[in-house]
Amino acid sequence: MSQVDLITLTDPRSPVSEAYRTLRTNLEFLSLDHPLHSLLVTSPAVSSGKSTTLANLAVIMAEGGRKVILADGDLRRPALHEIFGVDNDVGLSDLIRSDSELETAALPLRESGVDGLRLLCSGQLPQNPSVLLGSGRMSQVVAALTAQADLVLFDAPPVIAVTDAALLAAQMDGTLLVIRAGSTQRQQVQRAKALLEKVNAHLVGAVLSNASLDSGVSSYYK
Ligand SMILES: Nc1ncnc2c1ncn2[C@@H]1O[C@H](COP(=O)(O)OP(=O)(O)O)[C@@H](O)[C@H]1O
Ligand SMILES: [Mg+2]
């Protein structure tokens, strides 16, 4: 397991871990009427801290008693297998490409080392991620995953560069945007929001990563 990136495990009492608990509370609060069973995390541009934010959120959600599946929908630069230190020999891409029955036993889920949290890695990197993620088979995979957990969390590539995140967002109950303090530009945020609205994604809020702790702002919601 990557000790650096999973601060919620290595330092559960740190202010950063506390910020993840606040994020969990906010997500639960804003979805009281319509509980979120699937959530996508994306960002406008590259290296915003999406995978790190998502992995820590998944840990905190599982610690809150939810049965969580964390899936790597970034079929271009997958990271979850590295963060959790597990093999990535088989995963989401293989599941979409195969035509096997989507029974529980057939899902290539891995234990994460955290109670209640299982992983679906990216699997072999495909030539055509957008085609796979937009396929009818993909919606069946999402349905099979949501049937197996209280919450399915999906990682994704940045939303501006490629269509993958928008294709995924259209299939999720909610989408969370990760914005990196000091690097994501306002115009990029507006563009990302517009792209997500175009596919009727339900944008539930934004997380500010890389914020200095004394700024007093670690996450905010619309
Ligand atoms: N909040 C943060 N503060 C500082 N560095 C971070 C933060 N989140 C992630 N990083 C670092 O930034 C890099 C990119 O993070 P990652 O989560 O892989 O982003 P993305 O999935 O958006 O490409 C990694 O090296 C990670 O360790
Ligand atoms: Mg990533």
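## Helix H3

At 1.5 Å a residue, helix H3, with 14 residues (50-63), should span 20 Å, and its end C-alpha atoms are 20 Å apart, which agrees. The expected span is 1.5 Å times one less than the number of residues. Helices (H or I, at least four residues) and strands (E, at least two) are DSSP runs, numbered from the N terminus.

Of the 14 residues of H3, 13 are buried, which leaves the helix mostly covered. A residue is buried if 20 or more other C-beta atoms lie within 10 Å of its own, exposed if 12 or fewer, and partly exposed in between, with C-beta atoms placed from the backbone. After H3 comes Gly65, with a positive phi near 100 degrees.

## Model and confidence

This is a predicted model, in which local features need pLDDT of at least 70 and side-chain atom pairs count only at pLDDT 80 or more, while totals for chains, interfaces and linings use all residues. Residues are numbered from 1 along each chain as its sequence is written, and chains are lettered from A and ligands numbered from 1 in the order in which they are written.

The term pLDDT is the predictor's confidence in each residue, from 0 to 100. Its mean over the protein chain is 92, and 94% of the residues reach 70 or more. Residues 217-222 stay under 50. Where pLDDT is low, the predicted coordinates should not be read in detail.

## Overall fold

The protein chain contains nine helices and eight strands. For 222 residues, a compact globule would have a radius of gyration near 17 Å; the chain has 16 Å, which agrees. This radius is taken over C-alpha atoms, and the globule rule is 2.2 Å times the number of residues to the power 0.38. Along the principal axes, the C-alpha atoms fill a box of roughly 50 × 35 × 35 Å. Of the 222 residues, 44% count as buried.

## Around ligand 1

The residues around ligand 1 include Asp5, Ser47, Lys50 and Asn210; a residue is near if its C-beta atom, placed from the backbone, lies within 6 Å. H3 gives the largest share of this shell, three residues.

## Two positive phi angles

Most residues other than glycine have a negative phi. Ser47 has a positive phi near 45 degrees, and lies in the loop between strand E1 (38-42) and H3. Ser47 counts as exposed because it has 12 C-beta neighbours inside 10 Å.

Asn200 also is not a glycine, and its phi is positive, about 60 degrees. Asn200 sits in the loop between helix H9 (186-198) and strand E7 (203-209). With 8 other C-beta atoms within 10 Å, Asn200 is exposed.

How values were computed:
Two residues are in contact if their C-beta atoms, placed from the backbone, lie within 7 Å.
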